[in-house]
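Good morning, and thank you for coming.

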Amino acid sequence: MALVTQHQIQKFRKDGFLVLEHFFTAEECDSMRNQIQRIVAEMEVPPHCRTEFSTKEEEQLRAQGSSDYFLTSGDKIRFFFEKGVLDERGNFLIPKEKSISKIGHALHAYDPVFKQITHSSKVQELGRKLGLERPVVVQSMYIFKQPGIGGEVTPHQDATFLHTEPLGRILGFWIALEDATQENGCLWFIPGSHTSGITRRMVRASSGSSTCVEFIGSEPAYNDSQFIPLPISKGGLILIHGEVVHKSELNSSESSRHAFTFHVMEAKDTSWSKENWLQPTPELPFPSLYT
């Protein structure tokens with residue numbers, strides 16, 4: 001069976017996303033979930049690191065931007081929490097494993113299970129089928145989308161946060177570790193919205209600024225009716241073009257919607273913006289996807 005057909009690749013170029021059901025096995029998904037459970041069980045959260053994670057622009061600027069913890073997480077495994085799960089002293093109001101929004105941004109480099117998945121032979125083969133010549137992994141995240149409190153992610157383009165010159169060089173791999181449904185917050189996309197560039201950028205703020213990041217430009221008002229939902233079963237992979245507009249709703253269900261996601265940049269003839277919040281470090285230059 002072909003990993004991906006020419007027809008599917010054409011569909012990806014047209015829509016800006018592609019669903020590949022059952023790309024990973026249930027065992028591979030469970031190995032990631034079990035590993036995350038271990039990581040969370042061992043988590044020590046220093047009080048000053050208890051950053052609330054949010055995508056509403058002001059809160060994002062205040063909470064993430066003022067937080068050095070976020071800005072320096074590109075080459076570490078760090079924890080970001082849902083809103084309202086900590087009291088003002090930084091103590092958990094609910095069990096800690098239910099309080100985490102995401103873990104980022106270097107699981108792909110420092111955790112053996114996630115590293116193996118990211119560089120798995122089928123991911124590498126998919127990269128080659130897509131014509132990637134020098135893909136490097138820039139970041140990874142484990143997203144929990146907790147039941148009842150897993151916050152909405154407002155419409156955005158990944159290239160807003162991961163800017164390259166030229167554009168069109170960022171590709172997201174989004175792996176469903178549990179079934180993702182409309183009830184528990186699956187992804188929604190505007191098909192074909194990846195062809196007109198980006199309207200907003202998140203950049204590192206100038207040193208005198210009160211926040212660490214700021215936005216240039218703004219997100220247009222998208223029409224809700226343009227979005228289509230992409231429910232996907234456990235083990236499915238969604239390929240996400242860096243400029244396609246997508247979102248997810250609040251998880252109002254009683255089940256979580258765990259996902260592992262990583263982003264790849266075609267490094268050939270591409271420059272990574274020095275203004276991006278995420279920067280390669282001497283400890284962790286962006287590793288090649290191909291091994």
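In which segment does Pro 282 lie? Pro 282 lies in the segment after strand S15 (271–272); helices (H or I, at least four residues) and strands (E, at least two) are DSSP runs, numbered from the N terminus. This is a predicted model, in which local features need pLDDT of at least 70 and side-chain atom pairs count only at pLDDT 80 or more, while totals for chains, interfaces and linings use all residues. Residues are numbered from 1 along each chain as its sequence is written, and side-chain values use heavy atoms, with hydrogens and water left out.

Pro 282 is exposed, with a relative accessible area of 77%. Here buried means under 20% relative accessible area, exposed over 50%, and partly exposed in between (1.4 Å probe, protein chains only). Pro 282 and Asp 75 are 207 residues apart in sequence, and their C-alpha atoms are 9.6 Å apart in space.

A search of the whole structure finds one cavity of 30 Å³ or more. A cavity is a set of points on a 1 Å grid over the protein atoms alone where a 1.4 Å probe fits but cannot get out, and lining residues have an atom within 4 Å of a point. Grid points are joined across faces, edges and corners, and a volume is the space filled by probe spheres set on the points. The largest cavity holds about 40 Å³ of space. Its lining includes Asp 75, His 108, Gln 279 and Phe 286.

I turn now to strand S7 (170–176). Why is S7 described as largely enclosed by the rest of the structure? The description applies because seven of its seven residues are buried. Ile 170, Gly 172, Trp 174 and Ala 176 point one way, and Leu 171, Phe 173 and Ile 175 the other way.

S7 pairs with two strands, where pairing requires that DSSP finds at least two bridges. With S14 the sense is antiparallel, over seven bridges, and Ala 176 has Ala 259 as its bridge partner there. With S12 the sense is also antiparallel, over five bridges, and Gly 172 is partnered by Ile 240.

Finally, helix H7 (residues 121–129) has Lys 122, Val 123, Gln 124, Leu 126 and Gly 127 buried. The buried residues of H7 pack against several elements, including S7, S12 and S14; contact means heavy atoms within 4.5 Å. After H7 comes Gly 131, whose phi is positive, near 85°.

Definitions and conventions
1 Å grid on protein atoms, 1.4 Å probe; cavity = no way out; pocket = protein on both sides within 12 Å on 5 of 7 lines; lining within 4 Å.
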